[in-house]
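I want to look at one chain's fold and then at where the two chains touch.

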Amino acid sequence: MPEATATFEVRRHGAASIVDIRGDVTAGSEAVLMTAYDEAGDARAIVLNFTDLAYMNSGGIGLLVTLLVRANRHSQQLLAFGLSDHYRQIFELTRLDEAVGIHDTESDALAAAGAS
Amino acid sequence: MSEVNEKAAARDATNWAKKVSTLNVSEVPEGAININVEGKRLAGPIQGFGKMWQKTYQVRLPQERVSATELIATWKQRFPEFWPEGNAFYGPLTGIAPGEVALLNMTLPGKMKLSTGVMVLYADEESFTLMTPQGHMFAGWITFSATEREGETVAQAQVLMRASDPIFEMGLTMGGHKQEDRFWNHTLAAVASHFGEADAEVDTQVVCVDKKRQWSKWRNVWHSSAIRSTLYMLGAPVRGVKGLFGAKQPVA
């Protein structure tokens with residue numbers, strides 16, 4: 001298993017849990033991302049903060065799909081903000097944007113989640 | 001954009017394919033059939049119909065024989081050579097590079113021929129990912145990678161997919177999964193054999209990520225490469241006769 005090179009810190013904001021992502025998101029991030037998801041608990045929405053994302057490869061995108069499945073299973077919304085233009089295009093290319101709500105700012109994402 | 005984001009964009013901008021709305025095949029190599037790729041959209045696991053699977057195939061080689069980067073460079077360069085007989089990968093002349101589209105002619109159970117393709121979604125020195133278009137057997141991507149661990153170089157193919165439509169889903173449950181496992185086992189064994197490990201054992205790990213089928217996606221059957229390939233093959237005699245009279249040949 002490749003080493004984790006990203007950290008995922010969870011903050012609670014009303015009915016939403018915000019996950020602050022820092023570093024490189026790759027297939028090696030699976031365990032830490034899923035731990036963060038467990039910490040997010042029963043939140044109605046999981047909001048991913050990509051502002052401090054350093055790098056993400058296709059393994060990282062695959063992890064987000066797995067996370068989406070888990071969130072859907074628990075009837076939770078998955079949203080994202082802070083994506084650079086580059087990663088926003090990658091979300092569009094992989095059509096992840098059809099299932100993950102993308103917003104410019106944290107307050108926009110929280111408003112969309114009904115948790116502002 | 002934060003400073004971290006700017007650095008990230010610069011670091012991997014060349015590794016990812018540029019955004020495209022539909023696929024475009026710049027050149028159709030001799031022998032390839034381009035009936036299910038041109039003009040199609042990419043389709044990932046979110047757009048598929050069937051249960052979601054993650055399948056991982058691994059083979060271990062002594063690190064002194066090949067490094068991770070050497071293995072991936074060779075795999076990219078000789079990708080079609082490692083495939084089982086009866087399946088053709090018509091890669092671009094420029095090789096496996098982000099954004100490039102390759103045509104595939106596959107043989108399915110019952111000797112059925114199927115024409116489809118893939119786009120190179122991502123490629124770096126230690127991995128590359130192929131993503132499928134609408135109508136492919138499955139909607140998803142396959143990542144080929146190599147890592148160095150405890151004196152070994154581990155070559156891996158990992159598929160994250162859903163069957164594209166109800167027909168392919170049925171096909172997967174009726175032997176398609178086994179055939180796919182055999183396909184990638186053969187490929188990994190061929191990679192190992194290329195580096196002198198003819199008897200290397202391939203580990204297979206299969207995880208059902210989502211047991212639910214996405215019934216809202218049943219209409220994907222409209223794009224089915226199986227149906228369209230079959231119709232194309234059935235139309236071959238008609239095209240042949242038209243060809244005799246000088247009518248313009250369709251795509252191929």
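Predicted model: local features only at pLDDT ≥ 70, side-chain atom pairs only at ≥ 80, totals over all residues.

Burial in chain B came up on my list to begin with. Buried residues make up 38% of the 252 residues in this chain.

Next I looked up the secondary structure. Chain B has five helices and eight strands. Reading along the sequence, I get α-β-α-β-β-β-β-β-β-α-β-α-α for chain B.

Then overall dimensions. I checked the radius of gyration of chain B, which is 19 Å; the globule rule gives 18 Å for 252 residues, so chain B is as compact as a globular protein of that length. The C-alpha trace of chain B spans about 65 × 50 × 40 Å along its principal axes.

I also wanted the contact range. Taking the contacts in chain B with a separation of 6 or more, I find that 67% of them join residues 24 or more positions apart.

On to the interface. How many residues of chain A are in contact with chain B? I have 24 from chain A, in contact with 30 residues of chain B. On the chain A side, I noted the elements that give two or more residues: β3 (45-56), α2 (58-73) and α3 (85-93) of chain A. Which of them gives the largest share? That is α2(A), with six residues.

Last, I sorted the side of chain A that touches chain B by class. Ten residues there are nonpolar, ten are polar and four are charged.

How values were computed: Residues numbered from 1 in each chain as written. Chains lettered and ligands numbered in written order. Contact = placed C-beta atoms within 7 Å. Helix = DSSP H or I, 4+ residues; strand = E, 2+ residues; numbered from the N terminus. Nonpolar A, V, L, I, M, F, W, Y, C, P; charged D, E, K, R; others polar. Rg over C-alpha atoms; globule rule 2.2 N^0.38 Å. Buried ≥ 20, exposed ≤ 12 C-beta atoms within 10 Å, placed from the backbone.
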